[in-house]
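Here are a few notes to read alongside the model. Have the sequence and the 3D view open as you go.

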Amino acid sequence: MNDEPPVPTTDAGVSPVADFTTFMRNYQDMVFSTAARLTGNDAQAEDISQEVFLKAYENYSHLSTSPTAGGWLKTVATNLSLNHLSRYRNRWRFFSEFKRDDAGDDREAPEVEFAAPDTFFSGVDASERRELLERALDQLPEHQRVPLVLYHFEDLPYDEIARRLGVSLAKVKTDILRARAALARILVRSGTGHEQIQP
Amino acid sequence: MNPHEEQNLERLVHQTLRTLPPRRAPRSLEQRVLAAIEQRAALPWWRKGFAYWPAAPRIAFLAVAVAVVAGFFRLLTGVEAGALFAGLLPQLAWADTVASLAHATQDFVRVVVGGIPPLWLYGGLTVVASLYAALFGLGATAYRLLYANR
């Protein structure tokens, strides 16, 4: 959901790609970002990105001239990441914890009162800001990070997120609200924000 | 948090996250993808998906599949296997042999299973299921004790 386009574009759409390698170079950062922010794990994100580009290669005759290739890749990366998270959760839930991840510990978590500042960052350069944000996202628990990423980066509405994750609409809204508060708290604690959170 | 504060927080988080540029993909990704493409291209046709098969094997496979389905359908509708094979493949003598062998194997299994008292049979199945469950439980316990709590 970046305002910045993921690849260089022209008025007519995506710049023409000479071959698949160039095509991949144009989109690999966007695909990897999507997978990494959803899974919170770079190694898994690289595996997923590889799978996405192998699927793209199978459909390259169509994608090479399609102005919506970026959207196709992003959708496939999102779907594969969610499938991966779901499969991984199901596989290890029995062995590690019997309680559901999405049950979480939210019931015990205190409500967060937060007066939003004008900005989280002051006197911080772009690279440091990026690093702080990525680290803050990684610190969120999975059941908060995934819906937050789907909402703010992928532009999915609440009901679609609930359907994709197989949880209730109310839970999605609560998780996203708490994720925003947790993210804000992490950023403020990192010393970049103007105001403090009162738990 | 009141609705106004929630909206402010949403706006702020949204603005902040939207300024985040894409993360740089690892340098190894491109090489991995190209190597996987080469590896796939080197596979023989029969190890690829049906869509990648040459025309002749695809037609042959479809013909065999249709013949098998038709054969089972005729068997189910009361035509004897011997008659079916004799009608379909008169030149192939081995087809009769295969059919006879299948019948003999089927009769043998039926006699052996029929000779085992039902109590032994069900008891044996129960023991196998119990051992499987015990092994699964031991594995889960070992994982949780030795690995998950580390």
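1. Buried means under 20% relative accessible area, exposed over 50% and partly exposed in between, using a 1.4 Å probe and protein chains only. Helices are DSSP runs of H or I with at least four residues, numbered from the N terminus. In H5(A), the buried residues are A:Leu132, A:Leu133, A:Glu134, A:Ala136 and A:Leu137. Their cover includes helices H1 (20–39), H6 (142–152) and H8 (169–189) of chain A, along with H1 (3–18) of chain B; contact here is heavy atoms within 4.5 Å.

2. A word on the ground rules. This is a predicted model, where local features need pLDDT of at least 70, side-chain atom pairs count only at pLDDT 80 or more, and totals for chains, interfaces and linings use all residues. Residues are numbered from 1 along each chain as its sequence is written, chains are lettered from A and ligands numbered from 1 in the order in which they are written, and side-chain values use heavy atoms, leaving out hydrogens and water.

3. Now the rings. Rings of Phe, Tyr and Trp (its six-membered ring) pair if their centres lie within 6.5 Å; planes under 30 degrees apart are stacked, over 60 edge-to-face, the rest tilted. That gives ten aromatic pairs over all chains. A:Phe20 and A:Tyr60 pair edge-to-face, at 5.2 Å centre to centre and 85° between the planes. A:Phe20 sits in H1 and A:Tyr60 in H3 (residues 60–63) of chain A, so the pair ties together parts 40 residues apart in sequence.

4. Over in chain B, the ring centres of B:Phe50 and B:Trp53 are 5.2 Å apart with planes at 55°, so this pair is tilted. B:Phe50 is partly exposed at 35% relative accessibility, while B:Trp53 is buried at 18%.

Note on methods. Helices (H or I, at least four residues) and strands (E, at least two) are DSSP runs, numbered from the N terminus.
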